[in-house]
Amino acid sequence: MTTKPQAARAARFVLAGWTRPRPGHWVRPLAFMAPALIGFAVFFAYPLGALVYYSFTRYDLLNTPVWVGLRNYAFLVAQDPLARKAAYNTVWLVVVITVLRLIFATGVAAVLARIRNGAGLFRTLIYLPALAPPVAATLVFTFLFNPGTGPVNTVLSWFGIQGPLWFSDPAWAKPGLTLLTLWVSGELIIILLAGMLDVPGELYEAAGLDGAGSLRRFWHITLPSIAPVLVFGVINSIILGLQYFTQAVVAASVASGSADIAGSQRVIGYPDNSTLTFPVWLYQQGFHYYNMGYASAMSIVLFAVSTVFTLLFVHRLRRGAHAEGMA
Amino acid sequence: MRRIGVATACLALALIAGGCGAVTSSSGTADAPAANEKVSLSVWSKFSGRELGLLQKALDGFHVKHPNITVDNRGSQDDDKVAQAIRGGNPPDVAISFSTDNIGQFCSSGAWQDLKPYITRDKLDLNQLPAATRTYTEFKGARCAMPLLADVYGLYYNKAMFAKAGISTPPKTMSELFEYAKKLTVFNPDGSIKVAGFVPTIGFYSNHVQMWAANWGVQWKGQDGKSALGTDPQWQAMLEWAKKFTDFYGRDKLAKFTAGLGQEYSPDHAFEKGQIAMAMDGEYRTAFIAAEAPDLDYATAPFPVADNKPELYGGGYTTGTIIGVPKGAKNPGAAWELVKYLSTDTAALQGLAQGLKNVPSTVPALQDPTLQQDEHFKTFLEIFASPNLATNPASSNGGAYIKTAEDFATAYQGGSVPDLKAGLTKAAAQIDADAQLGG
């Protein structure tokens, strides 16, 4: 007896000209995919599998790992206050960087999109900081924001403003890092600019004829049109925040006055562990304290959080694209 | 047939000793190569540029003594790279590390070979090494490294500023240091600091807890092997002193002042620029000053000690460069000969010490007329020879316990810890918990 859905499926196959595949039909596509598959297996699947295994072991990088069950995860949750501090710092950076980066990049891109004369020059100038290597950019930034000798506080003092201690004050170190991240967000600005320039001009013309002003056109035409690019910007900023490392280490080293030993355990997190991010603490545990099993458990947690955020936003992206297609 | 026999014998030896060139004796040591046996050694260190050249000179001296052994001298190799090479099964024959933080891990994991059998076999007298340097080259009975030059910390003070303030001798106790600093500090009309007598901020330049600890006579571990932060009253005394010192300047005022000072290893160093009157620093600062501020009118002395521990005066903190033979080294017998030469040969150590401006790490090598004639440097030779020379204990998780102690000290100094005793007890518990994670 054939049920209705089975019959419907069979009818669809016949209509689509479906035939039973020949034996070995998968060899050719697999051969074409082999380089990517091998790369995936060697550089992602195996390391991820190894990481999961090591996260349940005591492993010092040199001797055979010893199985300890959930001990590393229990230590992470209950016995490591610095991991909690590092997680807080990372979440702070993720939230603040994502929000401000999106607002800043969208604003700058909107201005750049309206510039007619010298557009190339302005786009180049805005993108230029993104080309600076992270270490060099952070060094320059920390010197600019030096509370004693930096030009930023000097300029603020001309207006009677007492500048903060920036990277030497636990309350201002993360805002300082956020400003640095905004300064080098040229890539996102260029991507958003491309999205804005891609919005059909007729939409603006029609809205103009209906009496819509600049703000309404931006809100009702530009933003919905570039929504997929904005979602990409959100994902990109979240991952940037979750992986925040180099700038935090360099800023801490420079601000503590020990720039030559960047990454040394004496200076990470300066001041008062306010710049200690989750990846920095993870690296410190794995490669300086030789707790690679524990560092693996921390990596798994970071990976899980990144994956959840990414899946969430990819799902949102697809839903948005689907809704756009339906419209 | 004969060739096959030789090859078979060689293979058998290789299986036993890890290679035809490294014959292991019953004492667990590899023999030094015979005089007619050509051996090539690789040495990895973090030295670079001029300093790598100075090491090469010392290695040339070794080659003169052992013409059959050639040495490949590779610089810019840090502990991470050496550890990776050991894991990969292709380590150097000899490794030189700039840090003593990892000695616990090197010894306990077997990453660096135990040198005790070699020392016993060659009847090497370890009494030529001060006790502190012996401490930072071994862990739980395993001696997996030898000291190769040392850094010793003392007091640098600006003589011109001392004279202006009417002070004729360096401070000997922490109370004197505080009082002198008050006299030497100069404020701007707006109340900001122009010249600091002494910057007490923990984490600033060489102000690290392990370095101060030597002069306060604090204990890191109790009899039970657990952290003594919560039980040794000297910890409390040291941090209360640091807090009082900070409050004299004002936390924010001091933070703004230190943020504007030059980096520790730059020509803008605050002591070299005359922005601070007294500082704790290593013997290597004498070389920086000679090169970057030759006109600076300064002197050196042992760092002051806790008021209740006057007997400690003359000593201080030491750490240094260490040298060892990694696990899997292809020529361990020849490697040991090189380790022995670099760590105990008086002429080799003195040559390196003169070039690098570090303290030679054996007692006989301290008697170097060239090093002794520099009054600034001589202070550090004397501190090194003092019975009160001290270092921090090795641990199997690197410097994790130092970070915990320093983080707590910084938090207390910044005013965010209301109960010092309870906080120290909590920090001690954290140190013990961290030790359990890797052990």
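The peptide bond that joins Y270(A) to P271(A) is cis, with omega near -5°. The model is predicted, and local features therefore require pLDDT of at least 70 and side-chain atom pairs pLDDT 80 or more, whereas totals for chains, interfaces and linings use all residues. Residues are numbered from 1 along each chain as its sequence is written, and chains are lettered from A and ligands numbered from 1 in the order in which they are written.

Chain A contains 15 helices and 2 strands. Of its 327 residues, 33% count as buried; a residue is buried if 20 or more other C-beta atoms lie within 10 Å of its own, exposed if 12 or fewer, and partly exposed in between, with C-beta atoms placed from the backbone. Two residues are in contact if their C-beta atoms, likewise placed from the backbone, lie within 7 Å. Among contacts in chain A between residues at least 6 apart in sequence, 68% join residues at least 24 apart. At the interface, 31 residues of chain A are in contact with 34 residues of chain B. The side of chain A that touches chain B comprises 12 nonpolar, 13 polar and 6 charged residues, where Ala, Val, Leu, Ile, Met, Phe, Trp, Tyr, Cys and Pro count as nonpolar, Asp, Glu, Lys and Arg as charged, and the others, Gly among them, as polar.

Helix α4 (residues 81-114) of chain A packs against α14 (residues 278-288) of chain A, the axes coming within 7 Å and crossing at roughly 145°. Axes are lines fitted to C-alpha atoms, for helices over the stretch in contact, and angles run from 0 to 180 degrees between N-to-C directions. On α4(A), the residues L82(A), A83(A), A86(A), A87(A) and T90(A) meet F278(A), V280(A) and W281(A) of α14(A). This contact of α4(A) with α14(A) involves 7 nonpolar residues, 1 polar and no charged.

The crossing of α4(A) past α9(A) is right-handed, a crossing being left-handed if the near helix is turned anticlockwise from the far one by less than a right angle, and right-handed if clockwise. The residues of α4(A) that meet α9(A) include R101(A), A105(A) and V108(A), and their counterparts include L188(A), L192(A) and M196(A). By class, the contact of α4(A) with α9(A) divides into 12 nonpolar, 1 polar and 1 charged.

Helix α9(A) also meets helix α12 (residues 227-242) of chain A, with axes within 10 Å and a crossing angle of roughly 165°. This angle makes α9(A) roughly antiparallel to α12(A). Here L188(A), I191(A), L192(A) and G195(A) of α9(A) meet V229(A), G233(A) and N236(A) of α12(A). The contact of α9(A) with α12(A) has 4 nonpolar, 3 polar and no charged residues.

In chain B, the buried residues of helix α14 (residues 346-356) are A348(B), L349(B), Q350(B), L352(B) and A353(B). Their cover includes α2 (49-65), β4 (146-158), α13 (332-344) and α15 (369-372) of chain B. Just after α14(B), K357(B) adopts a positive phi of about 55°.

Y412(B) belongs to helix α17 (residues 400-413) of chain B and counts as buried because 23 C-beta neighbours lie inside 10 Å. Beyond its neighbours within four places in sequence, Y412(B) is in contact with L239(B), K243(B), V417(B), L420(B) and G423(B). The C-alpha atoms of Y412(B) and L239(B) are 7.5 Å apart, although 173 residues separate the pair in sequence. G423(B) is among the buried residues of α18(B), as are L424(B) and A427(B).

Positive phi values also occur at K140(B), about 50°, and at Y205(B), near 50°. K140(B), in the loop between α6 (131-135) and β4 of chain B, is exposed because 9 other C-beta atoms lie within 10 Å. Y205(B), in the loop between β6 (193-198) and α9 (209-216) of chain B, is buried, with 23 such atoms within 10 Å.

Methods: Helix = DSSP H or I, 4+ residues; strand = E, 2+ residues; numbered from the N terminus. Parallel < 35°, antiparallel > 145°, perpendicular 65-115°, else oblique.
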